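Please walk through this structure with me, one contact at a time. Keep the sequence and the 3D view side by side.

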Amino acid sequence: AWLGGVLLTAVSPGTQAQPWEFKGPVDVTATGGVGIFHHLESSGRRNVAVSGGTVAVAWEDDRDGTPRIYLARKHRNATKFSAEIKISGQGEAYEPSLVSLDHKRFAVAWEENGRLHARLVGPAGAGPVIILTDGNATQASLAVHQQQLLLVYSGTEGRYGRIWLQHLAINDQKLLPQQRCPVDAEAAKDDQLYPVAVSLGDRALVAWEDRRPGHTIIMAAQNSTEAPCRFTPPQRISERPQRPGPPMPYGTGHGVARVALANYGTNQALAVWADKRDFREGYDIYAADYQAGKERLFGPNSRVQDSFGEYAQQWHASVAGHVDARLAVAWDDNRDGTADIMLSWREGDEWSDDLTVPGAAGPGEQNHPSISLDEEGNLHLAWVERQTIGGPTRLRYVIGRLLKK
């Protein structure tokens, strides 16, 4: 794999010891069949979370003819999920974002009828729904930050989407809207889309897709400890490749898509995204590390997937981090002829060989992964499965138990 512009020596798959042992997958919901489609499409790919040994998955499906948001839970050691609960209301609802809180509680945010909604879900049930006042808002993404929640989203301002931050206080089973501010102080000159945020101790970091150069790039900004609504000027994360010779044939610039962001270790963060800088290969998965205290927020870009996936296309990157500095990235990959879920983890300064996740590969399509690491370092993976292209979907889940060294 590429790391910081250096080509690492390719090793046959399976020669590196994997950190997790995967058991057989299970269905998240029994609801399925012809004409029903499940989606894990949250901004930042946050659809699975773990709190106090309880696993939760949030998704959207159209079982009653209208897209709505649902959530299912189970104990980490249980063999099946409990019956799901409906999270959204009577309108068309999309793209739920899910984060874990303490005491087996979770927060969910979603778009419904052009406005953002959010609520808490705990052992006693779901709390009241709050509806934010900003109209034409979409692509919600939640993060936990200093005993409160950060909700970032793209809100239409004039012709373009602009990234906004909404602070939410947590009061027992209720959420209370507080400060709201734009992440970029300048009015949008083109669309800003699909934001995601993480907490870095006393600061918050936000990344998103930005089309101001005439093509899509990944940008980021962080706020001030003294003023939570004052952000640094946005900086570009995704690099334009520098090559000798004639210009590459991608017009104003190569394409990138859908940044995901995870914190790990002590106030560290990693951004990952799909990147088409090598036009001969389609999209690859690239990453960059946050650089605390430096003028440039993010360091050099590294290619995550190994050389065996060099001529395949990779999509839908999801990332998870742990306080012990463990990092994992998942995506779907067609190197074996159909879409399968692949996983790579960081070993020192290098990315591992890619692992085809057992139970999340084979005939049909396995795509749109969402991953999370629990307190013990176990990996939780949810994804969408189709037996035939364009056919109905199933929502699947598997746990990778951390192998003790």
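Arg-346 sits in strand β29, which covers residues 340–347. The model is predicted. The side chain of Arg-346 makes a polar contact with the side chain of Asp-289, at 2.7 Å. Leaving aside residues up to four places away in sequence, Arg-346 touches Tyr-264, Leu-270, Asp-289, Leu-327 and Trp-351.

Strand β25 runs over residues 284–289. β25 belongs to an open sheet of four strands, ordered β23-β24-β25-β26, with antiparallel pairing. Which strands stand at the edges? They are β23 (256–264) and β26 (302–303). Each has a single partner strand, so one side of each has no neighbour in the sheet. Two bridges hold β25 and β26 in antiparallel pairing. Look at Ala-287 for one example: its bridge partner in β26 is Ser-302.

Now turn to another arginine. Arg-396 lies in strand β34, residues 393–402. Is Arg-396 buried or exposed? Its relative accessible area is 11%, so Arg-396 is buried. The side chain of Arg-396 has a polar partner, the side chain of Asp-27, at 2.8 Å. Beyond four places in sequence, the contacts of Arg-396 include Pro-25, Val-26, Asp-27 and Val-28. They also include Leu-381, Ala-382, Trp-383 and Glu-385.

Glu-385 takes us to the charged pairs. How many salt bridges does a search of the whole structure find? The search finds 26. In one of them, the side chains of Glu-385 and Arg-394 meet at 2.6 Å, N to O. Glu-385 is buried, because its relative accessible area is 6%. Arg-394 is partly exposed, with a relative accessible area of 34%. Salt bridges with shared partners link Asp-27, Glu-385, Arg-394 and Arg-396 into one network.

Next comes Arg-386. Its side chain forms a salt bridge with the side chain of Glu-365, at 3.9 Å from N to O. Arg-386 lies in strand β33 (residues 379–386) and Glu-365 in strand β32 (residues 365–373), so this pair ties together parts that are 21 residues apart in sequence. Arg-386 counts as buried, because its relative accessibility is 18% and the cut-off for buried is under 20%.

A further salt bridge joins the side chains of Arg-211 and Glu-209, at 3.8 Å from N to O. The two partners can be read by their accessibility. Arg-211 is partly exposed, at 31% relative accessible area. Glu-209 is buried, at 4% relative accessibility.

Move on to the cysteines. A disulfide is a covalent bond between the sulfur atoms of two cysteines. The structure holds one disulfide. Which residues form it? They are Cys-181 and Cys-229, with sulfur atoms 2.3 Å apart. Cys-181 belongs to strand β18 (residues 174–182), and Cys-229 to the loop between β21 (217–222) and β22 (235–236). The link therefore ties together parts that are 48 residues apart in sequence. The angle about the S-S bond is -85°, and the link of Cys-181 and Cys-229 is left-handed. Cys-181 is buried, at 5% relative accessibility. Cys-229 is partly exposed, at 26%.

Two loop residues deserve a look at the backbone. Asn-113 is not a glycine, yet it has a positive phi of about 55°. Asn-113 is in the loop between β11 (106–112) and β12 (115–122). With 58% relative accessibility, Asn-113 counts as exposed. Asn-136 also has a positive phi of about 55°, although it is not a glycine. Where does Asn-136 lie? Asn-136 is in the loop between β14 (130–131) and β15 (137–145). Asn-136 counts as exposed too, with 55% relative accessibility.

Last, consider confidence. The average pLDDT of the chain is 91, and 93% of the residues score at least 70. Residues 1–15 stay under 50 in pLDDT. For residues 1–15 the model has 33 contacts beyond four places in sequence.

Methods: Residues are numbered from 1 along each chain as its sequence is written. This is a predicted model: local features need pLDDT of at least 70, side-chain atom pairs count only at pLDDT 80 or more; totals for chains, interfaces and linings use all residues. Side-chain values use heavy atoms; hydrogens and water are left out. Two strands pair if DSSP finds at least two bridges between them. Buried means under 20% relative accessible area, exposed over 50%, partly exposed in between (1.4 Å probe, protein chains only). A polar contact is a pair of N or O atoms within 3.5 Å; within protein, one must be able to donate a hydrogen and the other to accept it, and residues adjacent in sequence count only if both atoms are side-chain atoms. Contact means heavy atoms within 4.5 Å. A disulfide is a pair of cysteine sulfur atoms within 2.5 Å. pLDDT is the predictor's confidence in each residue, from 0 to 100. A salt bridge is a side-chain nitrogen of Lys or Arg within 4 Å of a carboxyl oxygen of Asp or Glu.
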